[in-house]
Amino acid sequence: DWTSDQFVDATVADLKQQLGDDKVVLGLSGGVDSSVAAMLIHHAIGKNLYCIFVDNGLLRKDEFENVLDSYKHMGLNVKGVDAKDKFYSALAGLTDPEDKRKAIGRVFIEVFDEEAHKIEDVKWLAQGTIYPDVIESLSVKGPSATIKSHHNVGGLPDFMKLKVVEPLKTLFKDEVRLVGKTLKIDDAILGRHPFPGPGLAIRIMGDITPEKVHVLQQVDHIFISNLKKSGLYDDVWQAGAILTPLQSVGVMGDERTYENVVALRAVTSIDGMTADWSRLPYEFLADVSNEIINKVKGVNRVVYDISSKPPATIEWE
Ligand code: XMP
């Protein structure tokens, strides 16, 4: 029988053998998988693991600072890299979702590569790839496989001659969480909803500007912090907000407003392949909507997405 204690002992021993005194570079995302992969390798080789956490300017409000702090508390050798401007310039004017994904993937690889080159004599690239990622990338690429290009797998630029180490390659998500518990990783990291690599860029419909990111961060923060406050966060598999380019007429005091519509999305799911919209209580939705419209400048209407997957997807782009 599989137990996470045994998995940790065996994997740490294997990693020690495999990696010896070599240096390893790993990109942290703030998510469960890369964090658990990092801690496993950290247990095996300590400071020889060089972690890089990139601020792409598309993260949740205060996420970069908060997550960087927790990584440091976990003892990881981690470098935070502010690359916001590089991402914003690459995204300027792009409206097509796949173009946005490609630009983000490209800039990420550029930034990561530049940082990796600063680590003298680094030999390995570690990745938090889990079993479903492996399966997804092996599966026959029909039209459905390319509906959205996920860039977690195979993101290695070929001019980097690094060997790849993927300690979670045989695990499912729930097993990754158990391993994370054994490694005493913060619940705030282990229990966190999935968040897409391209971040808020695929939740802002149309082109990306820092101003739009700022608006969406505030909306998202109100939604997520209310989910946590109401004890609903763990009932939901993933939640977030979408900034639509639609403007609608509203009234504020005795002034007519003409501002953006935001949509709230919360789903239940096992693995993200299928999903149902969460039946959040009306009173909860009412409070969140009021708080958003009262506090966030530029938003005067909130709608709730009641579509399931399929035929809708979880993200809007
Ligand atoms: P969809 O929208 O396809 O999303 O129903 C399923 C899950 O995948 C996430 N997602 C992404 N993750 N890069 C990622 O790393 C992407 O480009 C991407 N697109 C969607 C989405 O957040 C959900 O968890």
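Mentor: Happy to! This is a predicted model, in which local features need pLDDT of at least 70 and side-chain atom pairs count only at pLDDT 80 or more, while totals for chains, interfaces and linings use all residues. Residues are numbered from 1 along each chain as its sequence is written, and side-chain values use heavy atoms, with hydrogens and water left out.

Let's start with Arg192. Arg192 sits in the loop between α8 (187–190) and α9 (210–229); helices here are DSSP runs of H or I with at least four residues, strands are runs of E with at least two, and both are numbered from the N terminus. With a relative accessible area of 17%, Arg192 is buried, a word that means under 20%, while exposed means over 50% and partly exposed lies in between (1.4 Å probe, protein chains only).

Now look at what surrounds Arg192. The Arg192 side chain reaches the backbone oxygen of Ala188 at 3.4 Å. Leaving aside residues up to four places away in sequence, Arg192 touches Gly30, Gly31, Val32, Glu63, Val67, Arg177, Asp187 and Tyr233, where contact means heavy atoms within 4.5 Å.

Next, the pocket. The second largest pocket has a volume of about 430 Å³. A pocket is an open set of points on a 1 Å grid over the protein atoms alone, with protein on both sides within 12 Å along at least five of seven lines, and lining residues have an atom within 4 Å of a point. Points are joined across faces, edges and corners, and the volume is the space filled by probe spheres set on them. The lining has 21 residues, and Glu63, Arg192, Ile224, Lys228 and Tyr233 lie nearest the centre of the pocket. Two or more residues come from each of α3 (63–73), α8 and α9, and α9 gives the most, with 5 residues. The lining divides into 6 nonpolar, 6 polar and 9 charged residues; Ala, Val, Leu, Ile, Met, Phe, Trp, Tyr, Cys and Pro count as nonpolar, Asp, Glu, Lys and Arg as charged, and the others, Gly among them, as polar.

Finally, step back to the domains. The chain is divided into domain 1 (4–190) and domain 2 (203–304), with bounds from an automatic or database domain assignment. Their contact takes 11 residues from domain 1 and 14 residues from domain 2. The pocket lining draws at least three residues from each of these domains.

Note on methods
A polar contact is a pair of N or O atoms within 3.5 Å; within protein, one must be able to donate a hydrogen and the other to accept it, and residues adjacent in sequence count only if both atoms are side-chain atoms. On a 1 Å grid over the protein atoms alone, a cavity is a set of points where a 1.4 Å probe fits but cannot get out, and a pocket is an open set with protein on both sides within 12 Å along at least five of seven lines; lining residues have an atom within 4 Å of a point.
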